[in-house]
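Work through these exercises with the model open. Each task is followed by a stepwise solution.

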Amino acid sequence: MDAVQSDHTRRPVPAAGESLAIELRKINKRFGPVHANKDIDLAVARGTIHGIVGENGAGKSTLMSILYGFYHADSGEIVVGGAPVTIHNSSDALRLGIGMVHQHFMLVDNFTVLENVILGAEDSALLKPSVDKARRELQRLADDYGLNVPVDAVIEDLSVGQQQRVEILKALYRGADILILDEPTGVLTPAEADHLFRVLRTLREEGKTIILITHKLREIMAITDTVSVMRQGQIVETLATASTSPEQLAELMVGRRVLLRVHKEEAKPGAVLLDVKDLVVADDLGTERLKGVSLHVRAGEILGIAGVAGNGQSELLEALSGMRAAKSGTIRLNGEDVTAVNDESAALLRHKGLAHVPEDRIRMGLVTNFYEWENAILGYHDLPKYGKGLSLDVKAARAEAQRHIEKFDIRPANTDLKTANFSGGNQQKIVLAREMERDPDVLIVGQPTRGVDIGAIEFIHNQIIKMRDAGKAILLVSVELDEIRALSDRIVVLFDGHIVGEADPRTADEGELGLLMAGVSQKGAAQSSEANP
Amino acid sequence: MEDLISILVTTIRVSTPLILACLAGLYSERAGIVDIGLEGKLLGSAFGAAVVAAVTGNVWLGLLAGIGVSLVFSGIHGLASINFRGNQIISGVALNFLASGLTVFLGAAWFGRGGNTPPLSGGARFYAIQLPFARELAGVPVIGPIYSGLISGHTILTYIAFLAVPLTAFVLWRTRFGLRLRAVGENPKALDTAGMSVSWLRYKALAITAVLVGMGGAYLSTAQAASFSREMSSGRGYIALAALIFAKWKPYPALGACLLFGFLEALQYRLQGVSLPVIGPVPTQAMQALPYVLTILLLAGFVGRAIAPKASGQPYVKER
């Protein structure tokens, strides 16, 4: 199926006569002053996988929402299967054979797989015939495409990978010929992602057309035939994947050269600054999410915690930063027992040299309707340098914020702007600046680049490395395996509340890490008693 | 035995409006709309039914009017909570106030009886129906008292209320509409992306709510009583909501919960003025408070974790 290759390297607009699945002509969409989609021209040939890459806010989702009938374009034309169409809503799109797998699944959690699949596509007023038909049809789809799911299981009991398969099945059951996938691998383990890609290849062989929206260039390179790069509402280039490179795509996305590889020297680990022993932590419902975790971080090294989201990472971050009390176990900072006992622990820890960049900047890291300068000192606002007694030294706080802005290149450079008006990457920089500039001994970082643009990612990574080289102990939690591998000096894998393996990022291969993340323990031996069945 | 039968008969009688209101609430809450305005709809439709029945002398027209009033109320609630994405509690409470004030005001203006409507008689009321063979079986032991005494001899609305329970269960679990109804209360986006209108479905659910609660209101003023009297719903809408939560939004448990509340009410009628051992005569007020006290107790502790439909109370906003 490598039809699109050598011959057109610049603009692989499908040749005349080649059958087009979908064509967009001069699509425009404005939201108030924002020109979200500007004169978009896009042609996708039938039976191909077309990637769309771009930074957050580049207009990818808007474009796909127009295609799926969530929005109506201000101007422009959509052609499906050779005929111009108007798509008013999702049912129009479905009727035209366009199916979408959303980033956040559109499933009813307490419904069974079958119920979810037939929802909206029932054949009659009574459910029985539709359920029977869906059962047969799903069996067929499972056989044809390897899309196996237990059809009578309730959604909330399924793994994320299985839930995604249900979403794909939903689209196929409705007869989708064109499948749009929005950031499909964000929540998957590498093994699940591989499985997804196998499914997508099979679908392509069956003549289905797939549009893949992603920010992971590696996936674009691995699976797409052609790729369009979006920047600031426009398609800046459409290329045959075989004739491009991740570097070129990154450059097109950002508009300048980007270093995809992080350059760092060999780590020079020093004394153990953070030492965790047998940590057990429960979530709000009392379920144990960390089941006896022991780890340590030395000065001048980065310990990466790899794992699929929801395996105890959040609880680990919260326990280490003092936000959540441990059920048992100890946390030592510089040798001192700092295991959280109450709500004030987090504030106390900050003054003992532990800084925390929370994984969810909006919910935990910032107050978004505060001014930038307020957030720049938040949590440290009672330090003597920002005022005495009841009063706040606004001038000192602003000066501090200004320093952060310059050092971390935060844009717009305005301390008096509401934090909500900054982009994700700049908001993240505000948090990072606040925590790093405190010169902590230990830095706990959760998902430092979630929802952050490529350009800012490069900067943030470099700052983290700089902290390490300054002799700080850094604990990094990320669901992005690439990020963990690029930054960490040591990697441990968290699965179901246990540390199921340790790896050296220089030698560990992705498959091995992927297996660990999926709960298959290391070489079946050493750690097997620790890992959950 | 006779005592028990008589308490149970009363139980069924007083449970009827609760069952209707509770099922009404079930449809709307399953669709993700919290309807604290059940109380106001009950009151408003009781008034509407009594007024039209009194004026026309036809109880069926009265019933239609009762349903009509609650349809209007539901429409307002829908407009506020679906179209304008307002707070559903506030909209419901406002409707309760509206019903409470408007019924007394209009009643006083039209009939000048201090907010009450004229007494209904003849064709302006619902009467008990004798089921086939009730008379013949009355003398048979066991079956007689149960069939002829307990099951037979209620108004049509009571039978409708009890039949509405299995019907609702069927609709909820076996039909396309039920599937969509449950889905829209859990994850409206799933419906929207599957190409269905969330608003339309919610309006349909609210209409069913209105029809059921309208019958419940009409029952109060034209079957249980023979006229409308001010504030005659006396919190039954709230009790129905409590029963709904107690029943975890499921039809059969809802029936059970309503019968339990009804039984307590029946019991308090019975126990009024009765002197209990040790305690002595129980004040009437204490007995009257019993169903309400139970409501609090049940909701506070005995329900366990009641998981409401996930999207309940949240206006649906298309993203971005």
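The model is predicted: local features need pLDDT of at least 70, side-chain atom pairs count only at pLDDT 80 or more, and totals for chains, interfaces and linings use all residues. Residues are numbered from 1 along each chain as its sequence is written, chains are lettered from A and ligands numbered from 1 in the order in which they are written, and side-chain values use heavy atoms, without hydrogens and water.

**Exercise 1.** Which residues of chain B does UniProt list as "transmembrane region", and what is the make-up of residues 7-27?

Step 1. The unreviewed UniProt entry lists residues 7-27, 47-73, 93-112, 156-173 and 289-308 of chain B.
Step 2. Helices (H or I, at least four residues) and strands (E, at least two) are DSSP runs, numbered from the N terminus.
Step 3. Residues 7-27 of chain B are 100% helix and 0% strand, with end C-alpha atoms 30 Å apart.
Step 4. Residues 47-73 of chain B are 93% helix and 0% strand, and their end C-alpha atoms lie 13 Å apart.

**Exercise 2.** Describe how α7 and α8 of chain B pack.

Step 1. Take the axes as lines fitted to C-alpha atoms, for helices over the stretch in contact; angles run from 0 to 180 degrees between N-to-C directions.
Step 2. Helix α7 (residues 156-174) and helix α8 (residues 176-186) of chain B pack at about 75°, with axes 5 Å apart.
Step 3. So α7(B) is roughly perpendicular to α8(B) (65 to 115 degrees; under 35 is roughly parallel, over 145 roughly antiparallel, the rest oblique).
Step 4. Contact means heavy atoms within 4.5 Å. On the α7(B) side are B:V171, B:L172, B:W173 and B:R174; they meet residues of α8(B) including B:F177 and B:L181.

**Exercise 3.** What is the strand order of the open four-stranded sheet in chain A, and which strands are its edges?

Step 1. Two strands pair if DSSP finds at least two bridges between them.
Step 2. The order is β12-β11-β14-β15 (chain A), with antiparallel pairing.
Step 3. The edges are β12 (288-298) and β15 (336-337) of chain A, each pairing on one side only.
Step 4. Eight bridges join β11 (residues 272-282) of chain A to β12(A). A:D275 has A:H296 in β12(A) as its bridge partner.
Step 5. Helix α9 (residues 313-320) of chain A lies across β11, β12 and β14 (328-333) of chain A, at about 125° to β11(A).

Key
UniProt positions are given in the numbering used here, feature names are shortened, and annotations may be inferred rather than shown by experiment.
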